Amino acid sequence: MSRRKQRSAFDQVSEFDRGRIVEYRDCGLSFRKIGSRVGRNQTTVDRWMQEGMTDRRGRSHPPQCTTSREDRQIVRMAVTYRSVTSRTIPQHIESVTHHSVSARTIRRRLQQSGLFARPPLLGLPLTQNHRRLRHQRCVERRMWAAVWNEVVFTDESRIFLQHHDGRIRVWRHRGERMLNSCVMHRHTGPAPGIMVWGSIGYHSRTPLVCIAGTLNIQLYISEVLQPVVLPYLQGLATAIFQQDNARPHVARIVQRFFVNHQIELLPWPARSPDLSPIENVWSMVAQRLTQITSPAATPYQLW
């Protein structure tokens with residue numbers, strides 16, 4: 001049978017064809033012969049004779065366990081309380097409608113509305129004073145253009161022997177998750193590495209300083225400020241020194257050092273975001289280290 005005849009088999013039977021089918025049936029013809037004479041298949045003729053219709057029946061679906069109003073309540077609750085779980089929402093729905101809804105149904109309704117469970121963005125709690133100081137710093141420097149070229153950005157970073165930032169992926173088949181070649185080993189305790197300090201300006205940068213152990217006030221003055229920062233700033237016509245609010249940076253003796261040597265500091269409010277471009281430098285350094293074919297085995301080789 002051609003596709004056109006297959007499609008016409010589910011069209012409504014006209015009154016003329018109905019009369020022909022009844023007449024042929026009274027004459028004792030089978031459904032197969034009747035279908036061949038009226039241009040219908042045997043199923044269509046049989047269904048019309050028994051039920052009086054030839055429409056295609058819809059598929060039977062299980063009844064939806066939530067109404068449209070309950071679906072709106074589910075979405076509203078997830079948007080109002082962002083951290084609510086898919087197992088807590090059914091308890092609220094059951095207390096209102098007195099019928100149970102599974103957590104899987106809740107997740108399906110939320111996904112149909114475009115809501116998916118994602119890890120939250122981690123941030124520091126800010127007080128009203130923190131927000132005021134942030135806004136004040138932005139307002140005072142909103143017209144800065146060439147002045148930013150005079151800022152010297154500084155920071156410390158700890159670089160580990162085995163660096164893994166979550167970007168590395170492995171190709172594996174199903175069932176190869178525990179394969180040794182698909183496992184990335186890491187230390188459970190503090191990973192060995194080195195602490196480095198560096199600074200960048202618009203046209204230049206300082207040498208990278210390796211700090212033995214953890215940076216403290218004495219090391220910051222004796223190994224960073226006096227031998228590196230002072231000669232570097234003296235070679236610049238104008239410079240604004242930037243540093244974060246780490247404890248060695250904001251100590252009184254360190255602040256007195258800046259005052260005695262007339263070093264201008266860039267105000268850095270508490271709990272400020274990492275907007276310093278040197279953070280991108282540390283990311284590029286760590287990415288370059290992962291591309292080395294023979295990685296370092298000791299902190300000395302890493303340096």
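Let me start with the ground rules. Because the model is predicted, local features need pLDDT of at least 70 and side-chain atom pairs count only at pLDDT 80 or more, while totals for chains, interfaces and linings use all residues. Residues are numbered from 1 along each chain as its sequence is written, and side-chain values use heavy atoms, with hydrogens and water left out.

On confidence, the mean pLDDT (the predictor's confidence in each residue, from 0 to 100) is 83, and 87% of the residues reach 70 or more. One stretch to treat with caution is residues 5-10, where pLDDT stays under 50 and for which the model has 9 contacts beyond four places in sequence; a contact here means heavy atoms within 4.5 Å.

Of the 303 residues, 28% are buried, where buried means under 20% relative accessible area, exposed over 50%, and partly exposed in between, with a 1.4 Å probe and protein chains only. The accessible surface comes to about 22300 Å², and carbon and sulfur atoms account for 52% of that, by the Shrake-Rupley method with a 1.4 Å probe. If we take the contacts between residues at least 6 apart in sequence, 64% of them join residues at least 24 apart.

Now to the second largest pocket, which holds about 440 Å³ of space. It is lined by 16 residues, and those closest to its centre are R82, V84, F116, A117 and R118. For the record, a pocket is an open set of points on a 1 Å grid over the protein atoms alone, where a 1.4 Å probe fits, with protein on both sides within 12 Å along at least five of seven lines, and lining residues have an atom within 4 Å of a point. Its volume is the space filled by probe spheres set on the points, which are joined across faces, edges and corners. Helices α5 (68-80) and α7 (103-112) each supply at least two lining residues, and α7 gives the most, with 3. By class, the lining divides into 9 nonpolar, 4 polar and 3 charged residues.

H99 counts as partly exposed because its relative accessibility is 27%. Leaving aside residues up to four places away in sequence, H99 touches C65, E70, I93 and E94, and its C-alpha atom is 9.4 Å from that of T66, 33 residues apart along the chain.

What about V45, buried or exposed? V45, in helix α4 (residues 42-51), is at 0% relative accessibility and therefore counts as buried. Beyond residues up to four places away, V45 touches I21, F31, I34, G35, V38 and R40, and the C-alpha atoms of V45 and I34, 11 residues apart in sequence, are 7.4 Å apart.

Finally, consider the loop between α11 (252-260) and α12 (278-290), where Q262 lies and where R271 also has its place. Q262 has a positive phi of about 55° although it is not a glycine, and R271, likewise a residue other than glycine, has a positive phi near 55°. Q262 is exposed, with a relative accessible area of 75%, whereas R271 counts as partly exposed at 38%.

Methods. Helices (H or I, at least four residues) and strands (E, at least two) are DSSP runs, numbered from the N terminus. Ala, Val, Leu, Ile, Met, Phe, Trp, Tyr, Cys and Pro count as nonpolar, Asp, Glu, Lys and Arg as charged, and the others, Gly among them, as polar.
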